[in-house]
Amino acid sequence: MWTGGFILLLLALTLQVIVCVKQRNSETVYQWKQLVYGFPTEQDRQEALANGNLVPANGIPIDVAPHQQSQKGSRVFITIPRFQTGIPYTLATVSDSNEANGPVLIPYPNYTWHNANGEDCNKITSAFRVAITECNQMFVIDSGVIGTTQNCPPQLLIFDLNTDTLAHRYRFEGNMYVPVASLLITPLVVVHDPPPKGRCQRLHVYIADVTHHGLVIYDSESNSAWRAENKFMYPDPDYGTHTIARESFILMDGMFALATDHRQLYFHPLASNSEYAVPLSVLNNRTNWDGNMEAMQNEFRMVGKRSSECAAEAMDSQRNLYCVTFNPIKLIRWNPYNVKNEIEVPADPRLLEFVSGMKVYKNGSGKEELWMISNRYQKIAAGTLSDREINFRVVRRPLDDIQAQNIPTPNQDLSQRLIFS
Ligand SMILES: *[C@@H]1O[C@H](CO)[C@@H](O)[C@H](O)[C@H]1NC(C)=O
Ligand SMILES: *[C@@H]1O[C@H](CO)[C@@H](O)[C@H](O)[C@H]1NC(C)=O
Ligand SMILES: *[C@@H]1O[C@H](CO)[C@@H](O)[C@H](O)[C@H]1NC(C)=O
């Protein structure tokens, strides 16, 4: 009797320990009033200023990706797409040196790689977002667009982060995009033969075309690409006007954010409150798409609706999907995916005004962290951005507290399950 009671008590205590995990906070890693561009030499800076390649007010950071490797240490990559001219480089790492407006950026892989005027398509024209794999490779999607001019075909660049050299380049052919109408913005990589056993030779890259509403699929084995389109990739005008921190703007962006659990591709347009999915096996079979980009319609499904629109998304190894809703600003965790199960992760909304880039990163101790970059797009759209305020932030949030919660089963009231102490 006594032993049984003791074991019950022990069990109860253990459950308490499992459920009540110390709540983690979001931490600002970097912040800028305005981006601070470092140059190899003072002469390079003066030249960039003189020829219009450096207009300090022009850069908006869109994506972030942390990486750690024994020789290179910890590095954080940032993309600065060329929405306009005056941006001296579009892919950078963040240095430890600080100036009044924030930490100084360093061009990646080096300054001469950057195609300021769109004249050399072997360089980087406009890096939109990146994906870093378990193979120490960084996949960069370069839209080829400066402002509204398609200066170069879009390309996928693969950098070896051990040597910081180009490992592979794939230029998209004319049937994968419509110049200017298309904008390739988000790469998601699935490696089929990861280390330590695999050799990182077999992978697929899924790339969102935000303005021509499609998905480009790149296959490393055949070094070729194909395209899939579906009605779910289009923006919904009912969600085309967005409000963030009491400022409204219209942005009819379609196919925007991608995530995967290695079985399904999850995606959503920006102007939408729905999340959709399609099996990877359907996307990966090129035969399905030969001759008909709009094939396989029954394979696409809506997985759920959110309370509000969100931009970037990311999924952790427990299939929790994260994104930051616009109105109100909430970091949410979704699993499974419907409004009832949308769980707010406590976070300061002032740090997360428009999260355009988000990654789940496994840190040096093997624990997953959520990395986000926020850029107050609502102020950019309204022309109310002020360089006297902090406008751009890189924010990190450990996920171990969230992941220590039991995986919920459908129909449970999850608000009761996520107990922070
Ligand atoms: C920049 O990188 C390119 C290609 O890797 C290389 O040829 C060039 O020497 C580098 N330039 C500088 C200044 O390091
Ligand atoms: C690929 O799709 C085609 C039909 O579109 C089908 O006949 C074929 O079996 C599929 N291949 C695989 C490996 O699933
Ligand atoms: C990784 O994250 C865990 C949990 O948040 C933390 O305790 C640990 O110090 C982190 N390790 C590194 C190397 O950052």
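## Disulfides in the model

A disulfide here is a pair of cysteine sulfur atoms within 2.5 Å. The model you are looking at is predicted, so local features need pLDDT of at least 70 and side-chain atom pairs count only at pLDDT 80 or more, while totals for chains, interfaces and linings use all residues. Residues are numbered from 1 along each chain as its sequence is written, chains are lettered from A and ligands numbered from 1 in the order in which they are written, and side-chain values use heavy atoms, with hydrogens and water left out.

Searching the whole structure turns up three disulfides. With the bonded cysteines of the protein chain numbered in sequence order, the pairing reads 1-3, 2-4, 5-6.

## Cys 121 with Cys 152

Let's start with Cys 121 and Cys 152, whose S to S distance is 2.0 Å. The torsion about their S-S bond is about -85°, so this disulfide is left-handed. It links distant parts of the chain, 31 residues apart: Cys 121 sits in the loop between β6 (102-107) and β7 (127-132), and Cys 152 in the loop between β10 (149-150) and β11 (155-160). Strands are DSSP runs (E, at least two residues), numbered from the N terminus.

How accessible are the two ends? Cys 121 counts as partly exposed at 22% relative accessibility, whereas Cys 152 counts as buried at 4%. For these words, buried means under 20% relative accessible area, exposed over 50%, and partly exposed in between (1.4 Å probe, protein chains only).

## The other two bridges

Cys 135 and Cys 200 are also joined, with sulfur atoms 2.0 Å apart. Cys 135 lies in the loop between β7 and β8 (137-142) and Cys 200 in the loop between β13 (184-191) and β14 (203-209), so the pair ties together parts 65 residues apart in sequence. The S-S torsion of Cys 135 and Cys 200 is about -90°, so the bridge is left-handed. Both Cys 135 and Cys 200 are buried.

In the bridge between Cys 310 and Cys 323, the sulfur atoms are 2.3 Å apart. A torsion of about -95° makes this disulfide left-handed. Cys 310 belongs to strand β23 (residues 310-315) and Cys 323 to strand β24 (residues 321-325), 13 residues apart. Cys 310 is buried at 0% relative accessibility, and Cys 323 is buried with a relative accessible area of 3%.

## Around ligand 3

The residues around ligand 3 (those with a heavy atom within 4 Å of it) are Arg 24, Asn 363, Gly 364, Ser 365, Lys 367, Glu 369, Pro 398 and Asp 400. The shell divides into one nonpolar, three polar and four charged residues. In this scheme Ala, Val, Leu, Ile, Met, Phe, Trp, Tyr, Cys and Pro count as nonpolar, Asp, Glu, Lys and Arg as charged, and the others, Gly among them, as polar.

A polar side-chain atom of Asn 363 lies 2.3 Å from an oxygen atom of ligand 3. A nitrogen atom of ligand 3 is 2.7 Å from an N or O atom in the side chain of Ser 365. Taken alone, ligand 3 exposes 360 Å², and the protein buries 57% of that (Shrake-Rupley method, 1.4 Å probe).

## Backbone details

Most residues other than glycine have a negative phi, and most peptide bonds are trans. The peptide bond from Pro 195 to Pro 196 is cis, with omega near 5°, and Pro 196 lies in the loop between β13 and β14. The bond from Asn 327 to Pro 328 is cis too, with omega near 0°; Pro 328 is found in the loop between β24 and β25 (330-334).

Ala 245 has a positive phi of about 45° and is partly exposed, with a relative accessible area of 27%. Its place is in the loop between β17 (241-244) and β18 (247-250). Arg 246, in the loop between β17 and β18, has a positive phi of about 70° and is exposed at 77% relative accessible area.

Conventions: Helices (H or I, at least four residues) and strands (E, at least two) are DSSP runs, numbered from the N terminus. A polar contact is a pair of N or O atoms within 3.5 Å; within protein, one must be able to donate a hydrogen and the other to accept it, and residues adjacent in sequence count only if both atoms are side-chain atoms.
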